[in-house]
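Have the coordinates open as you read.

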Amino acid sequence: MEVVKEIIAFLRDFNLISIVLRLVLAMLLGGTIGLERGKQGRAAGMRTHIFVCLGATLATMIGFYSVEILDSIGDPLRVAAQVISGIGFLGVGTILLKGRFQITGLTTAAGLWCAAAIGIALGAGFYEGAIITFVCSVLTVTIVSRVEHVFNKKYSRFGIYIEICSDKYVREAIDLLESNYKVSDIQVTSPRSGTTGNVGIEANVHNRDFSTSPNQVSKELEAEEYVIFALESI
């Protein structure tokens with residue numbers, strides 16, 4: 001038991017072996033989190049997460065190096081604090097608004113932020129917190145995401161836009177949307193095509209009682225003779 005305590009104390013100390021261990025763990029833990037994002041086709045994949053986690057680890061160690069080795073006066077975690085706020089520019093770059101109810105990149109942005117926090121923990125020698133957070137992160141992007149998908153699939157919603165050939169079909173189109181697709185927030189708008197005489201209708205489709213995709217809904221609506229085209233609203 002005493003030997004284990006001595007090893008842990010040695011690894012928490014600021015020495016060459018502990019520095020190498022922290023950086024290698026940053027590569028392994030950050031890379032594993034990014035691996036799942038890469039499989040999903042996200043821009044911020046394995047390499048990005050490794051760089052974030054490595055950079056956060058090194059930034060944290062720089063603070064401790066300046067205080068413990070260079071005898072500087074100040075807070076050793078000041079540099080690490082700037083990492084947490086500065087990582088935001090990477091997160092913003094991964095978030096895209098694709099539609100009324102389609103925002104992609106939030107999980108990737110949160111994963112980058114979490115990878116930075118894991119790196120800070122490793123840089124400070126808080127191995128337990130870093131590894132436990134890593135395990136929770138991997139579970140979140142694998143198992144928890146599947147559970148979330150099951151629930152969100154049942155209650156998903158999306159926007160739909162249809163363009164009809166004349167204003168005399170507005171009532172008929174609205175009745176169709178309300179009866180077949182349980183829509184809300186219906187708005188009659190000017191036509192996106194710019195064609196004189198056409199009328200646009202936008203609505204929110206609540207996908208609670210059926211599992212059709214936006215493309216399927218569009219095809220079904222386009223089968224109506226008065227519908228010029230239909231598409232997912234963005």
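Which residue does the side chain of glutamate 202 meet in a salt bridge? The partner is arginine 192, with 3.4 Å from N to O. Keep in mind throughout that this is a predicted model.

## A link between β4–β5 loop and strand

That pair ties together distant parts of the chain: glutamate 202 sits in strand β5 (residues 199-206), while arginine 192 is in the loop between β4 and β5, ten residues apart. The two ends have their own surroundings. Glutamate 202 counts as buried, at 12% relative accessibility, whereas arginine 192 is partly exposed at 39%.

## The other salt bridges

The count for the model comes to three salt bridges. Arginine 171 takes part in two pairings: its side chain meets aspartate 175 at 3.0 Å, N to O, and it also meets glutamate 178 at 3.8 Å, N to O. Put together, Arg171, Asp175 and Glu178 are linked in a salt-bridge network.

Why are arginine 171 and aspartate 175 separated by about one helical turn? They are four residues apart in helix α8 (residues 170-181), so about one turn of helix lies between them. As for accessibility, arginine 171 is partly exposed at 48%, aspartate 175 is partly exposed at 37%, and glutamate 178 is partly exposed at 41%.

## The overall layout

Zooming out, the secondary structure comes to nine helices and six strands. The protein has 234 residues, and buried ones make up 38% of them. If you look at contacts with a sequence separation of 6 or more, 66% of them are between residues 24 or more positions apart.

The accessible surface comes to about 13,600 Å², and carbon and sulfur atoms hold 63% of that.

The largest nonpolar core has 22 residues, and the members that touch the most others are Val52, Val83, Ala116, Ile118 and Leu122. Elements giving two or more residues to this core are α2, α3 (46-68), α4 (78-86), α6 (106-123) and α7 (127-154). Helix α6 gives the most, with eight residues.

Alanine 116 is a handy place to start clicking around. Setting aside neighbours within four places in sequence, alanine 116 is in contact with Val52, Ala56, Val83 and Ile87. Apart from this core lies another, of 21 residues, including Ala173, Ile174, Ile201 and Val217.

Are cysteine 53 and cysteine 114 buried or exposed? Cysteine 53 counts as buried, with 0% relative accessibility. Cysteine 114 counts as buried as well, at 19%, and the cut-off for that label is under 20%.

Leu16, Val20, Val24 and Leu28 form a nonpolar patch on the surface, and together they have about 380 Å² of accessible area. Leucine 16 belongs to helix α2 (residues 16-39). With a relative accessible area of 66%, leucine 16 counts as exposed.

Aspartate 185 has a positive phi of about 55° although it is not a glycine. You'll find aspartate 185 in strand β4 (residues 183-189).

Where is aspartate 75? It sits in the loop between α3 and α4, and it is partly exposed, with a relative accessible area of 46%. Its C-alpha atom is 8.5 Å from that of phenylalanine 64, which is eleven residues away along the chain.

Methods
Residues numbered from 1 in each chain as written. Predicted model: local features only at pLDDT ≥ 70, side-chain atom pairs only at ≥ 80, totals over all residues. Heavy atoms only, no water. Patch = residues over 30% accessible without salt bridge, like charges linked within 9 Å, V, L, I, M, F, W, Y side chains within 5 Å. Areas by Shrake-Rupley, 256 points an atom, 1.4 Å probe, with all protein chains shown as cover. Salt bridge = Lys/Arg side-chain N within 4 Å of Asp/Glu carboxyl O. Buried < 20%, exposed > 50% of the residue type's maximum accessible area, 1.4 Å probe, protein only. Core = buried A, V, L, I, M, F, W, Y, C linked by side-chain atoms within 4.5 Å. Contact = heavy atoms within 4.5 Å.
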